[in-house]
Amino acid sequence: MNKILLIIVPLFLIIFVTAILRKYKNVGSSWEETLNQFALNIGFPSLIFTSLAVNPISFQKEFNLIFFNSLFLIISFISIILIGKLFKLNKQMFMTLFICVVFGNVAYLGMPVLANISGPKIASTASLIVAVYLFWIFTIGIGYLDYSMNINRKAAFLKTFKSFFKNPLLISVILGLLFGSLKIQIPDIVLKSLNMIA
């Protein structure tokens, strides 16, 4: 229990200090938006890419991890659709529930917690878990929401398909898996730079 607290408390201290700084106007909303943009578009993609590229994943060994995480997400999506229909939830409530039930903090909080528990060696497995979640959320999750909101279903499908290939997190997963499985060597200077960013 103490070990878990020692790992989780620093994360909450960071959140607490940031909230205090914001309350006393030392940081503004633009600061928060800038950091989020950096994390989502540069920091996490760098971390995921390097983790998967340097420590190749064996899909045979990781089959259970991929399968059961995927199964959990698909069952969650189907359950929410059924709950939405059963309780006749309004559109906004249904869409919020649909994403919130499956969209956990597997990246923002999950990766730092796992890295603190198991050390850097867990990064490739954690990246794979994040990759599975991102894949299903940005395909079925966002796709279904766009599809159910739009009258033009074809346009919704094309929008989702295009956004899938523009998402830096998904691109980092694809490139990381490609580099790792093909054993493409990344020059040390590039790897060091990516690690510093991550």
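Leu5 is found in helix α1, which spans residues 2–23, in a model that is predicted. Helices here are DSSP runs of H or I with at least four residues, strands are runs of E with at least two, and both are numbered from the N terminus. Because its relative accessibility is 42%, Leu5 counts as partly exposed; this class lies between buried, under 20% relative accessible area, and exposed, over 50%, with a 1.4 Å probe and protein chains only. Leu5 also belongs to a nonpolar surface patch of about 660 Å², together with Val9, Leu13, Phe16, Val17, Ile20 and Tyr24. Patches are made of residues with over 30% relative accessible area and no salt bridge, nonpolar side chains (Val, Leu, Ile, Met, Phe, Trp, Tyr) being joined within 5 Å and like charges within 9 Å. A salt bridge is a side-chain nitrogen of Lys or Arg within 4 Å of a carboxyl oxygen of Asp or Glu. Accessible areas come from the Shrake-Rupley method with a 1.4 Å probe, and for residues only the protein chains shown count as cover.

Residues are numbered from 1 along each chain as its sequence is written. Local features need pLDDT of at least 70 and side-chain atom pairs count only at pLDDT 80 or more, whereas totals for chains, interfaces and linings use all residues; side-chain values use heavy atoms, with hydrogens and water left out.

The protein has nine helices and zero strands. Its C-alpha atoms fill a box of roughly 50 × 50 × 35 Å along the principal axes. Of the 198 residues, 32% count as buried. Phe44, in helix α2, counts as buried because its relative accessibility is 12%. The C-alpha atom of Phe44 is separated by 25 Å from that of Leu145, 101 residues apart along the chain.

Pockets and cavities were located on a 1 Å grid over the protein atoms alone: a cavity is a set of points where a 1.4 Å probe fits but cannot get out, a pocket is an open set with protein on both sides within 12 Å along at least five of seven lines, and lining residues have an atom within 4 Å of a point. Grid points are joined across faces, edges and corners, and a volume is the space filled by probe spheres set on the points.

The largest pocket holds about 810 Å³ of space. Among its 22 lining residues, Ile14, Leu35, Asn36, Ala39 and Tyr108 are the closest to the centre. Helix α2 (29–54) gives the most to this lining, with nine residues. By class, the lining of the largest pocket divides into 16 nonpolar, four polar and two charged residues. Nonpolar covers Ala, Val, Leu, Ile, Met, Phe, Trp, Tyr, Cys and Pro, charged covers Asp, Glu, Lys and Arg, and the others, Gly among them, are polar.

The second largest pocket has about 380 Å³ of space. Leu40, Phe103, Ala107, Leu134 and Leu169 are the closest to its centre, of 18 lining residues. Two or more residues each come from α2, α6 (123–149) and α8, and α6 has the largest share, five residues. This lining has 13 nonpolar, five polar and no charged residues.

One cavity of 30 Å³ or more is present, and the largest cavity has a volume of about 40 Å³. Its lining consists of Leu52, Pro56, Ile57, Phe59, Gly176, Leu177, Gly180 and Ser181. Helix α8 (residues 168–181) supplies the largest share, four residues.
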